[in-house]
Amino acid sequence: MAQSILFCLPLLSPLLMHAQKLDSMMNVYADHYPQEKVYVHFDKNLYNSGETIWFKAYIFSGADPSLYSKNFYAELSDASGAIIQRKVYPISESSTAGNFDLPKEVKGRHLHFRGYTTWMTNFDTAFYFEKDIRIYDKKDSVLTVTIVPRQTRLQFFPEGGDLVAGVEGMVAFKADDQFGLPVNVKGTIQDKTGKEVMNFTSEHDGMGRFPVTPDKGDSLTAVWQDEKGIEHRTPLPAVKSIGVVMRAISGNQKVLFSVARSAEGGPEYKHLIIIAHMHQHLVYKAKINLEDNFMSGGTIPTGQLPSGVLQLTVFRSDLMPVAERVVFVNNHEYLFKPEIGMQMKSVTRRGKNSLMIDVPDTLRSNLSLSVTDATADGDFPDEDNIVSRLLVTGELRGIIHDPYYYFSGTADSLMSQLDLVMLTHGWRRFKWESLVRGQVPVIKNPEQDYLSMRVEVLGVDPYKIAKDESLNVIMSRKDSSTQMYSIPHISGSKFGVTGLVFYDTVKAFYMFNVNHSLSSQAAVTFNTGLVPGMRAAKPLTNAFEGWTAEDSAYLRRNRYIVQEEARVQPIEDQKVKTLATVTKTARVKTDAEKLDEKYASGMFSGGDAYTFDLVNDNLASAYPDIFTYLQGKVPGLQITPGNGPGGTPSLSWRGGRPGLYLNEMQVDAQQLQSTPVTDVAMVKVFRPGSGVGFGGGSGGTIAIYTKKGGDEKRGNDPSFKGLDRAILLGYSMPKEFYSPNYLENDPRNEGEDLRTTLYWKPYVLTDKDNRHVNVDFFNNDITRKLRIVLEGFNEDGKLTHIEQIVQ
């Protein structure tokens, strides 16, 4: 091991000034650009089509519950990447809860869940929570095991990043298959002459490591065998003649590191800086003098740090990063331990169960509880939970197999195996080049205070809007309740207020206070501030589509449940519906023709156009914006989504760019994209060369018309007669989990009970005055083995994951 030679930074040296700039920028990132991460607790692991997916999302920033974000987005996509459902929920107490109702028929054995906050859309999507949801396919046979050929790959990861000539370094490796499942391998390392340098074999879950000192100009190749004995050849990364190698070991409340340089290299490799940071906060910095020594080292105290991933980076004197490494700091302080006591247990048919959750301290805690049929739910060893997600998998790239295994005890072997994960799953939170230049991230979607009511007046010069203008809005909900808001004038043509919470769709009746006729002179658009979201997810490429022999138990149980559900399906659902008699009548004007007469004028009226009636299209409100609605509906019109969530799309048609009009006033794509689809009454799309629009419409013309007073769909609100109206889309309506009480005389108790989720309580909240929570639930008709899972955190950010089997 090298000597520990750390020098203080000389006052006002160029190296110090560089380092101070780095410190300053890291403080800016930590204070103004915190990174959030999400963990989602699902009620179970495996679902049948037609069931409900229940979930609870926990949002953290660093080691603490996040107090920043207010809006959570949940998306469910199929194997092709098409988003089939999207929900938005408000965040409270750093968490939220929701559900997805699965269709009666689900294609494939997987759906994909993605969860994120508004703030997270401004950064790398790798921070999003992603999970493949396994679906039981009714066609699956419990007697047939699908054999899927495994395609093994082997990757090598030099510690610190590079192999450097003449410098001993550690090389880690990871072998897995196309599904991310580990594969044990063994082999030899050969130099360019074919001479064997050393042997290697995997230590744990396909991972391992070995030391190597490459020569200048050498090239190394691994000759290895997979579990079937098939031989493969994989080259190691190229050997660099100039560079730096970093080694690190995480021990008891400290990290030992060493840094060695190549014999070749300029003065910039002789005076280095090493920093360590966690959750974007700088926790250690030192200068390393390699003027007279090729190697140096030191100790980083970690006893006062929270448990988590610590990143070490070595810079040259010009702040060019030359080596990087992540280590895990485990101070064993991250857990608190509630207790689950069974007060009454019964796994008989419809037996009553009663349990008590006891939280041992007085801190506020936020927990979620699920009770499921353990046989139908399955047991997947690679499942994440709140501990492994928030401490490890939410910080690293790639698939980590069985991540909670590394937190199952305190043995040194577990720490050594977790260090293999660190070596083979790198993560870089900073783009150092941008940081050194003083660049900060571009925030396209700033976090807001829940929902907003953003109003923009288009088509009128802003100076014609009085500075003291305001907007009175009466919000009418589906339950007929109303609430009035005064929307202040912000600037120019914009009005707005934030901090609103409402669900589903609401009607907003509005009137300007100063210029009452302003709404008839211009197009008035409303926006709740929600991020439109991506139009598609990535197709599932690494989801395991087969079943193994170990899966047969829960496959058999789910097949039985599906068969029983079909048998007891209410007779009225199977009745044949007879089509009503069709009476031929004289042709009347279509709704689209009526809308055209009502809204279009001049050269926009009539004509040979594609016309879309959104007033009578019940599915239109499901689209995030009008461009998504139009995609694929008009032959030849190409609509390319913008970069990232909320990115402005580009349009082309026969080599030209369509003209865009809102209420026959020319606008740009960004203005149209911000117009809620629920406000749109009609869309007319004219082909290129139609003569409609400025320039003769050479690239085609898209005319959007928003709903205004007098719309035939508004006639049911006599109380607000004469007011203009907009439709606002709020949060997804929450659904309450139904838990039967078989001690009551309830008609709902008469049918057969085949529930696989017996109880779901997303909010189990405790504090100093309420440390004990009692939960009662009843068994179904078939379950004899229960799985109880309790997860959550307390106000100090400590985590808990408890799983019990009751039978």
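This is a predicted model: local features need pLDDT of at least 70, side-chain atom pairs count only at pLDDT 80 or more; totals for chains, interfaces and linings use all residues.
**Entry 1: a three-stranded sheet**

I began with the sheet that holds S11, S13 and S16. The sheet is open, its strand order is S11-S13-S16, and the pairing is antiparallel. I then asked which strands stand at the edges. They are S11 (153-158) and S16 (207-212); each has a single partner strand, so one side of each lacks a neighbour in the sheet. From one strand to the next the twist averages 25 degrees.

I looked at the S11 pairing in detail. Six bridges join S11 to S13 (residues 169-176). Gln-155 has Lys-174 of S13 opposite.

Next I checked what lies across these strands. Helix H4 (residues 412-424) lies across S11, S13 and S16. The helix runs at about 75 degrees to S16.

**Entry 2: salt bridges**

How many salt bridges does the structure hold? I noted 28. I followed three of them.

Glu-203 and Arg-209 meet through their side chains, at 3.7 Å from N to O. Glu-203 is partly exposed, because its relative accessibility is 46%. Arg-209 also falls in the partly exposed class, at 23%.

Arg-325 bridges to Asp-419, and their closest N and O atoms are 3.1 Å apart. This pair links distant parts of the chain: Arg-325 belongs to strand S26 (residues 321-329), Asp-419 to helix H4, and 94 residues separate them. Buried or exposed? I found both Arg-325 and Asp-419 buried.

I then turned to Asp-781 and Arg-349, whose closest N and O atoms are 3.4 Å apart in a salt bridge. Asp-781 sits in the loop between S45 (772-778) and S46, and Arg-349 in the loop between S27 (339-344) and S28 (352-358), so the bridge ties together parts 432 residues apart in sequence. The two partners fall in separate burial classes. Asp-781 is buried at 12% relative accessibility, whereas Arg-349 is exposed at 51%.

I also traced a network of salt bridges. Its members are Glu-159, Glu-168, Glu-203, Arg-209, Arg-247, Arg-325 and Asp-419.

Why do I call S30 (residues 451-458) largely enclosed by the rest of the structure? Because six of its eight residues are buried.

I looked up two partners of S30. With S33 the pairing is antiparallel and spans six bridges. There, Met-453 has Val-497 of S33 as its bridge partner. With S35 (residues 523-527) the pairing is again antiparallel, over five bridges. Leu-458 stands opposite Ala-523 of S35.

**Entry 3: a surface patch**

Tyr-503 lies in the loop between S33 (494-500) and S34 (505-512). Its relative accessible area is 31%, so Tyr-503 counts as partly exposed. Together with Val-501 and Met-733, Tyr-503 forms a nonpolar patch on the surface. The accessible area of the three residues together is about 260 Å².

**Entry 4: Gly-797**

Where is Gly-797 found? I located Gly-797 in the loop between S46 (786-794) and S47 (799-806). Gly-797 is buried, because its relative accessibility is 11%, and the cut-off is under 20%.

I listed its contacts, leaving aside neighbours within four places in sequence: Phe-60, Ala-63 and Pro-65. Pro-65 is 732 residues away along the chain, yet its C-alpha atom is 5.9 Å from that of Gly-797.

Methods. Residues are numbered from 1 along each chain as its sequence is written. Side-chain values use heavy atoms; hydrogens and water are left out. Helices (H or I, at least four residues) and strands (E, at least two) are DSSP runs, numbered from the N terminus. Buried means under 20% relative accessible area, exposed over 50%, partly exposed in between (1.4 Å probe, protein chains only). Contact means heavy atoms within 4.5 Å. Two strands pair if DSSP finds at least two bridges between them. Axes are lines fitted to C-alpha atoms, for helices over the stretch in contact, and angles run from 0 to 180 degrees between N-to-C directions. Patches are made of residues with over 30% relative accessible area and no salt bridge: like charges are joined within 9 Å, nonpolar side chains (Val, Leu, Ile, Met, Phe, Trp, Tyr) within 5 Å. Accessible areas come from the Shrake-Rupley method with a 1.4 Å probe; for residues, only the protein chains shown count as cover. A salt bridge is a side-chain nitrogen of Lys or Arg within 4 Å of a carboxyl oxygen of Asp or Glu.
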